[in-house]
Amino acid sequence: MASNLFTKIPSLSAIFSVYTSLSAFTILFKTILYEFIPVNIRDFIISKFTDYFSFYLNSNFTFIIEEQSDYVMNQTFRAAQVYLPTLLSRITTRSLLVSSSDLKNPMAKPKFGIPVKAKIIDEFEGIRLEWTLLSAKDNDNPYQSKQKRYFHLTCKKEFRDKIMSDYFTYIAKSSVKILTHKENLNIYNYNPDCLRWESAIFQHHTTFETLAMEPELKNTLIRDLDAFSNGKDFFKTVGRAWKRGYLLYGPPGTGKSSLVAAIANFMNYSIYDLQIQSVKDDAMLRQILTSTENRSILLIEDLDCSGADTTCRKENKDETEYGENQNKKKKKDPKVTLSGLLNFVDGLWSSCVEERIIIFTTNHKEKLDPALLRPGRMDVHILMDYCTPIVFKKLAALYLEIEEHELFDPIEKMFLEVKATPAEITEKLMVSKDPDVTLKGLVEFLESKKMTKESVDSEI
C-alpha cells in the first residue's frame with residue numbers, strides 16, 4: 001500500500017510544469033488586463049473578484065461610521081465618540097490620547113481619548129466587537145479642510161443583523177445618558193481657518209442665585225426656561241422646531257454675558273459662541289448650524305455690529321445694483337446676507353438641531369431689522385438695564401455680605417437721578433471688604449456722575 005501511495009504523488013517535474021503554466025497564464029492575464037482593457041472595466045472586474053473571494057473567505061463584517069452624514073454630523077459617530085471613552089481599559093494598542101483644557105485648574109485630572117488607528121474591544125450580549133478610529137483627507141467637502149474621521153466596527157458576519165437592530169440603539173441610549181450626567185460644560189468657538197468648532201471647559205460660576213437681576217424678571221425667565229425644557233411633546237404637537245430665541249439688549253456692562261452663563265448653568269447646556277463676521281457666506285452658516293449638538297445654546301453677540309441692522313436691506317440693495325454695474329470689473333466676495341441669517345434662525349435648516357436655545361445680544365435694539373425681532377426668531381426680549389435699588393442690594397449682599405447699612409438710602413435715591421451700570425457698581429464694591437470704606441467710595445462715585453450729568457444738561 002505504501003508503494004501505491006508514493007506512485008500517486010506527482011513528480012517534481014510535473015509540479016514545476018504546472019507552476020510554470022500557471023505563472024505564464026498569470027502574466028498573460030495581467031498583460032491583457034492592464035494593456036488592453038479600459039481602466040473602468042478593469043477596476044470593475046478587480047472589484048468583483050475581490051468582493052467574491054472576500055465574501056466566502058472572510059468571516060468578518062465591517063460597519064463604516066463616518067463623522068459626516070450628508071450635510072450634518074453623523075449622530076451614530078457622535079454616540080460612539082461619547083460611548084467608547086468608557087471602554088479605554090479595553091484598548092488593544094499601546095497609545096492613548098491625554099489632554100486637559102481646564103485653564104483654571106492645571107492640577108485637574110486629564111481627559112483620556114482614542115488616538116487614530118487605536119482598537120477598542122467591546123462585548124454586547126456575548127458578541128465580540130472591535131472598534132477602530134481612522135482618519136483620511138476629505139477632498140469632497142469644500143467647507144472641510146480637516147481630516148475626515150470614521151470608525152470601523154467589525155464583528156462576525158452572522159451577528160450583523162443583531163448589531164444593526166440592537167447594538168447601535170444601545171450605544172445611542174448610552175451616549176444620551178452619559179451626556180445628561182456630564183460634569184463639565186463646554187464653550188465652543190468657531191475657527192474659520194480650519195472650519196471647525198474648538199472647545200474649552202466652561203467654568204463661569206454665575207447662577208440665577210448669584211445673578212443681580214430684578215426678581216420678577218428673573219422668575220419669569222426661569223419659568224420660561226422650565227417650560228421650554230419640558231416642552232418636547234408640545235413643540236411636536238404644534239409642529240414647531242424645539243427651540244427658543246432670546247434677545248438680551250441694553251447698555252454695555254448691564255450683565256448680558258452673566259445672564260447667558262446663568263442660563264447655561266441652569267439648563268446644563270454647552271455654549272456655541274458664533275461671530276457672524278467670521279462666516280463668509282450663507283452656505284457656511286448652514287454648515288456651522290448643522291455641526292452643533294442638541295441641548296445647546298447658540299450665542300450671537302453684538303448683533304447690531306454684524307450687518308443685521310435696519311440699514312442692512314438698503315445696503316444689500318445698493319450693493320446689488322452696484323455689483324451689476326461693476327460685475328465685469330471685479331467679482332464681489334460673498335458674505336452672510338440678512339435672508340441667510342433669518343433662515344439660519346427660523347428657516348427649515350433651524351429644525352436640524354433639537355432643544356436649542358438661540359441667544360442674541362445687542363447694545364442697540366432699535367438698530368436691528370424688524371424682521372429679526374418677530375416671535376419665532378426672538379421669542380423673549382429681555383432688557384438688561386442700568387442698576388436699580390434692588391439690584392444694588394443684591395450686589396452689596398454678594399460682595400460685602402451685608403443686608404442693611406446707613407448709606408443704603410442715599411445710594412438708592414441717587415440711582416433715581418443718575419445712570420450707573422451693574423458693572424460700574426461691582427467695580428466700586430470690590431475696592432475693599434470694609435463696607436464703610438466701600439460704600440463711601442460708591443457715594444462719591446455716584447455724586448461725581450451726578451455732577452457730570454448736571455454739567456452736560458446745563459450746557460445743552
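Helices (H or I, at least four residues) and strands (E, at least two) are DSSP runs, numbered from the N terminus. The model here is predicted, so local features need pLDDT of at least 70 and side-chain atom pairs count only at pLDDT 80 or more, while totals for chains, interfaces and linings use all residues. Residues are numbered from 1 along each chain as its sequence is written, and side-chain values use heavy atoms, with hydrogens and water left out.

**Exercise 1. Work out where Lys117 sits, and say whether it is buried or exposed.**

Step 1: Lys117 lies in the loop between β5 (111-113) and β6.

Step 2: check the backbone. Lys117 is not a glycine, yet its phi is positive, near 75°. As background, most residues other than glycine have a negative phi.

Step 3: check the accessibility. Buried means under 20% relative accessible area, exposed over 50%, partly exposed in between (1.4 Å probe, protein chains only). Lys117 has 61% relative accessibility, so it counts as exposed.

**Exercise 2. Find which residues Val116 is in contact with, leaving aside its neighbours within four places in sequence.**

Step 1: list the contacts. With contact meaning heavy atoms within 4.5 Å, Val116 touches Leu133, Leu134 and Ser135 once those neighbours are set aside.

Step 2: look at one pair. Val116 and Ser135 are 19 residues apart in sequence, and their C-alpha atoms are 6.7 Å apart.

**Exercise 3. Trace how strands β6, β7 and β8 pair.**

Step 1: start with β6 (residues 119-124) and β7 (residues 127-137). They run antiparallel over 6 bridges; two strands pair if DSSP finds at least two bridges between them.

Step 2: look at the turn. β6 and β7 make a hairpin with 2 residues between them, and Glu125 in the turn has a positive phi of about 50°.

Step 3: move on to β8 (residues 147-156). β7 pairs with β8 in the antiparallel sense over 8 bridges, and Leu134 stands opposite Tyr150 in β8.

**Exercise 4. Describe the second largest pocket and identify which residues are the closest to its centre.**

Step 1: settle the terms. On a 1 Å grid over the protein atoms alone, a cavity is a set of points where a 1.4 Å probe fits but cannot get out, and a pocket is an open set with protein on both sides within 12 Å along at least five of seven lines; lining residues have an atom within 4 Å of a point. Grid points are joined across faces, edges and corners, and a volume is the space filled by probe spheres set on the points.

Step 2: size and centre. The second largest pocket has a volume of about 780 Å³. It has 24 lining residues, and Gln75, Val176, Leu179, Asn294 and Arg295 are the closest to its centre.

Step 3: sources. α5 gives the largest share of the lining, 5 residues.

Step 4: zoom in on Arg295. Arg295 is in the loop between α9 (282-290) and β13 (296-300), and has a positive phi of about 55° without being a glycine. Its relative accessible area is 31%, so Arg295 is partly exposed.
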